Amino acid sequence: MLFFVFCDRILSKGMISMNSAFSFYMPVNILSGEDVLNQNKSIFSELGKKCLIVTGKTSAKKSGALDDIINLFNELNIEYETYDKITENPLTVDCYNGGKLARDTSADFVVGIGGGSPLDAAKAVCVYATNKHIIDDDIYTASVENSPLPLVLIGTTSGTGSEVSGVSVLTRKDGRKQSIGGKNYYAKYVIADAKYTYSMPFGVTVSTALDALCHAVESMFSPRADFLSKEFSLLSAKMIYPLLCKMRYTKESPNEEERNTLYFASLYAGFALNKGGTGFPHGMGYALTEDFGVPHGLACAVFLPQYLKETEKANPELYNELMGAMNTDFELLNDLFSDFCSFGFNISDEQISSYVDRWATLKNFKNSPTDFNNEDAGKLVKNLFQK
């Protein structure tokens, strides 16, 4: 139904015009619907007889997805190993070890289950598995000489959109987060079943929803965005924002229908992200996660109000269209984000200065709609995190 709403919206705007030109690359086969895993069991037999399952410690099990895939593999006589060493903000070294395990066990394919961290890690595992020369942080610089193992992704959160993007965000040996992406980092299949998100705690639900909204908004105003990706951004933001407002006031987790909405909205944001990429809120947010342990979605969202101020200056018409889609204004949205992103720490002048130096080469600024730069970012951090 949501797809048809999306199509109606596009048609109502009139697609035959120069403004509606687009290019789109996303070689992922997304499978969704009732009992989608069992309805598509044949894809696993086609992929091979041995699988490495990549997960974290808890969400794959709590969601029911791990048990479902194991039961299916037992039915299909597919051998499997489970690699559950993936932590939040996955380390390149852990992904390398996962790739080595896949190679040592002669895995034919990989299944990644979890939120953004296990899904991103699974993408890297597939690359490491078939490229012995790539070790740890080499993944950022070495050429991928051999095709990665085929990958199936099953998401258990409603935020990252990692299922549908060709990007993997990993943590280097020095503790810094950095993304890697391209044609080698796409899944072959996605099992899109929102029921696996029902076990998300309230805090994770909020943080991942904020992350998805940031994806939608940041990518919408990217210089790389086009007609189609902007439509996905608008649709996603329209679906997510009212549910964030509801969670803010009720302090309760969404019901199953609302969780379904959030999950597919996160995929639509992933479609937009896959085209437009992220702006400075994501680039700056990594520092708060690395140094203060702020959950990724919150770490990005605290900078989104400033990003919106920049978008209004750069493209007021598109800014107004976004606000209209969410049925809100800047003051209401800023209050929402201020409520969710209230942190109890200060950042020193010395730390801010180090961020300014670090962000001098941050590509996310160039992917933002104005000339907001690292010096401006330092002033913003000072304003937000010095009492």
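Lysine 173 is exposed, at 62% relative accessibility. Here buried means under 20% relative accessible area, exposed means over 50%, and partly exposed lies in between (1.4 Å probe, protein chains only). The model is predicted, so local features need pLDDT of at least 70 and side-chain atom pairs count only at pLDDT 80 or more, while totals for chains, interfaces and linings use all residues. Residues are numbered from 1 along each chain as its sequence is written, and side-chain values use heavy atoms, with hydrogens and water left out.

Lysine 173 forms a salt bridge with aspartate 136 (3.0 Å, N to O). A salt bridge is a side-chain nitrogen of Lys or Arg within 4 Å of a carboxyl oxygen of Asp or Glu. Aspartate 136 sits in the loop between α7 (116-130) and β5 (151-155), and lysine 173 in the loop between β6 (167-171) and β7 (177-181), so the pair ties together parts that are 37 residues apart in sequence. Helices (H or I, at least four residues) and strands (E, at least two) are DSSP runs, numbered from the N terminus. In contrast to exposed lysine 173, aspartate 136 is buried, with a relative accessible area of 9%.

The whole structure holds 14 salt bridges. Side chains of opposite charge can pair when their charged atoms come close. Aspartate 104 is exposed, at 51% relative accessible area. Lysine 100 is partly exposed, at 35%.

Another bridge links lysine 313 and glutamate 310, whose closest N and O atoms are 3.3 Å apart. This pair belongs to helix α13 (residues 304-314), with a spacing of 3 residues, about one turn of the helix. Lysine 313 is exposed, with a relative accessible area of 60%, whereas glutamate 310 is buried, at 5%. A network of salt bridges also links Arg176, Glu290, Asp291 and Arg358.

Glu290 of this network is also among the buried residues of helix α11. The helix comprises 13 residues (280-292), and at 1.5 Å a residue it should span 18 Å; its end C-alpha atoms are 18 Å apart, which agrees. The expected span is 1.5 Å times one less than the number of residues. Of the 13 residues of α11, 11 are buried, so the helix is largely enclosed by the rest of the structure. The buried set also includes Phe280, Pro281, His282, Met284, Tyr286 and Leu288. Just after α11, glycine 293 takes a positive phi of about 70 degrees.

Threonine 289 is found in α11. Its relative accessibility is 8%, which counts as buried. Beyond residues up to four places away in sequence, threonine 289 touches Asn89, Lys177, Val294, Pro295, His296 and Ala299. Contact means heavy atoms within 4.5 Å.

Helix packing was examined for α9 and α15. Two packed helices are described by the angle between their axes and the distance between the axes. The axes of α9 (residues 227-250) and α15 (residues 330-340) come within 11 Å and cross at roughly 55 degrees. This makes α9 oblique to α15. Residues in contact are Tyr241, Leu244, Cys245, Met247 and Arg248 of α9 and Leu332, Leu333, Asp335, Leu336, Asp339 and Phe340 of α15. Axes are lines fitted to C-alpha atoms, for helices over the stretch in contact, and angles run from 0 to 180 degrees between N-to-C directions. Angles under 35 degrees count as roughly parallel, over 145 as roughly antiparallel, 65 to 115 as roughly perpendicular and the rest as oblique.

Two loop positions complete the account. Threonine 55 lies in the loop between β2 (50-54) and α4 (59-63). Threonine 55 is buried, with a relative accessible area of 1%. Asparagine 184 is placed in the loop between β7 and β8 (189-192). At 22% relative accessibility, asparagine 184 is partly exposed. Its C-alpha atom is separated by 8.7 Å from that of cysteine 126, 58 residues apart along the chain. Leaving aside neighbours within four places in sequence, asparagine 184 contacts Val127, Val144 and Pro148.
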